Amino acid sequence: MPAEIGVPSESIGERLSRWRRRGFRTSSFNAIYGIFLLGPAWVLTQTFFGLFSQASAKRPFWSGEEFWFFSLGAALWLLWFMGSFWAMGGPRPLRIYVFGHELTHAIWVWLWGGKVFETQWWSRDGGYIVTDTHNFWIALAPYFYPLYSLVVVLAFGIGSLFYDLTNSTVTFLMMTPLQWLFLLLGATWAFHLTFTIWMIPKGQTDLTSHGTFFSLVVIYLMNVILLSVFLVVAAPELSFLSYAHELLHHAEDFSELIWNGVREHFGAP
């Protein structure tokens, strides 16, 4: 529905009265929620960089082959992505992205107990699904749920049930299975990140239907959490327990900062 625009001479009180009579739009409430989510976003960002410092304190984790093969995969994808704009006038393979985007919507519909009645997910012009269930998690899932990275991890896990891929020294194109895992994770993660960044400015209804500001904050939050999980898994110096301790530490610092600010603002001069 079109945005509701107030009369230029309308006072704030009159506008609030009109909002009470007609009701806030969902996006109006979500904008308020988005503001409150900025606090957790700050805490999670500080926690991520704290983990990064811990991981590099004794031995830079980027000196390990896991990081290098992950970075190689990301760099190769980035070269392809940028080159496709120059050679083909747009990102490729767009159909694969659309397929993954709409399939992610469908997966999250099923996770919420909904049904998918109709799909279009193999087109360069965009796709859609028709469902009986909708919420902001379903709408925003493709922007923080790296489907193809999860497929790579799942395939490696299934393969490991039949053969010890983690410790295997057998090479294919001069790389072991574990090196291939990190290379493909880097490429698929970069695929997810570049297409997400490319899609956000295009006015997607996935974002606007729940309020663009709120949607961007949620996308940022979920991606920072995912990056933190990747870091914990990749760095042997870290654990999920150390992540929890770091998160609690920064949450306490943020709470103290807010409390001191409130006291200074409302306290006696």
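Phe85 is partly exposed in this predicted model, with a relative accessible area of 31%. Buried stands for under 20% relative accessible area, exposed for over 50%, and partly exposed for what lies in between (1.4 Å probe, protein chains only). Residues are numbered from 1 along each chain as its sequence is written, and side-chain values rest on heavy atoms, with hydrogens and water left out. As the model is predicted, local features need pLDDT of at least 70 and side-chain atom pairs count only at pLDDT 80 or more, while totals for chains, interfaces and linings use all residues.

**Overall layout**

The chain holds 10 helices and 2 strands; helices (H or I, at least four residues) and strands (E, at least two) are DSSP runs, numbered from the N terminus. Their order from the N terminus is α-α-α-α-β-β-α-α-α-α-α-α. Of the 269 residues in the chain, 36% are buried. Contacts are heavy atoms within 4.5 Å. Among those between residues at least 6 apart in sequence, 68% join residues at least 24 apart. The accessible surface of the chain is about 16700 Å², and 70% of that belongs to carbon and sulfur atoms; areas come from the Shrake-Rupley method with a 1.4 Å probe.

**Aromatic pairs**

Rings of Phe, Tyr and Trp (its six-membered ring) pair if their centres lie within 6.5 Å; planes under 30 degrees apart are stacked, over 60 edge-to-face, and the rest tilted. The whole structure has 19 aromatic pairs. The ring centres of Phe81 and Phe85 are 5.2 Å apart with planes at 75°, so this pair is edge-to-face. Both residues lie in helix 3 (residues 65-88), and because they are 4 residues apart, about one helical turn separates them. An α-helix has 3.6 residues a turn, so residues three or four places apart point the same way. Phe81 is buried, at a relative accessible area of 6%.

Tyr97 and Phe195 have ring centres 4.5 Å apart and planes at 10°, so they are stacked. Because Tyr97 belongs to helix 4 (residues 94-111) and Phe195 to helix 7 (residues 177-199), the pair ties together parts 98 residues apart in sequence. Tyr97 and Phe195 are both buried. Ring pairs join Trp77, Phe81, Phe85, Tyr97, Tyr148, Phe191, Phe195 and Trp198 into a cluster.

**Cores**

A nonpolar core is a set of buried Ala, Val, Leu, Ile, Met, Phe, Trp, Tyr and Cys residues joined through side-chain atoms within 4.5 Å. The largest has 24 residues, and those with the most contacts inside it are Trp77, Tyr97, Trp108, Leu140 and Phe195. Helix 3, helix 4, helix 5 (136-140), helix 7 and helix 9 (212-234) each give two or more residues to this core. Helix 4 supplies the largest share, 7 residues. A second, separate core of 12 residues includes Leu51, Leu231, Val232 and Tyr243.

The expected span of a helix is 1.5 Å times one less than its number of residues.

| Helix | Length | Span, first to last C-alpha | Expected span |
|---|---|---|---|
| Helix 6 | 16 residues | 24 Å | 22 Å |
| Helix 7 | 23 residues | 32 Å | 33 Å |

The buried residues of helix 6 are Leu147, Ser149, Val152 and Phe156, and their cover includes helix 4 and helix 7.
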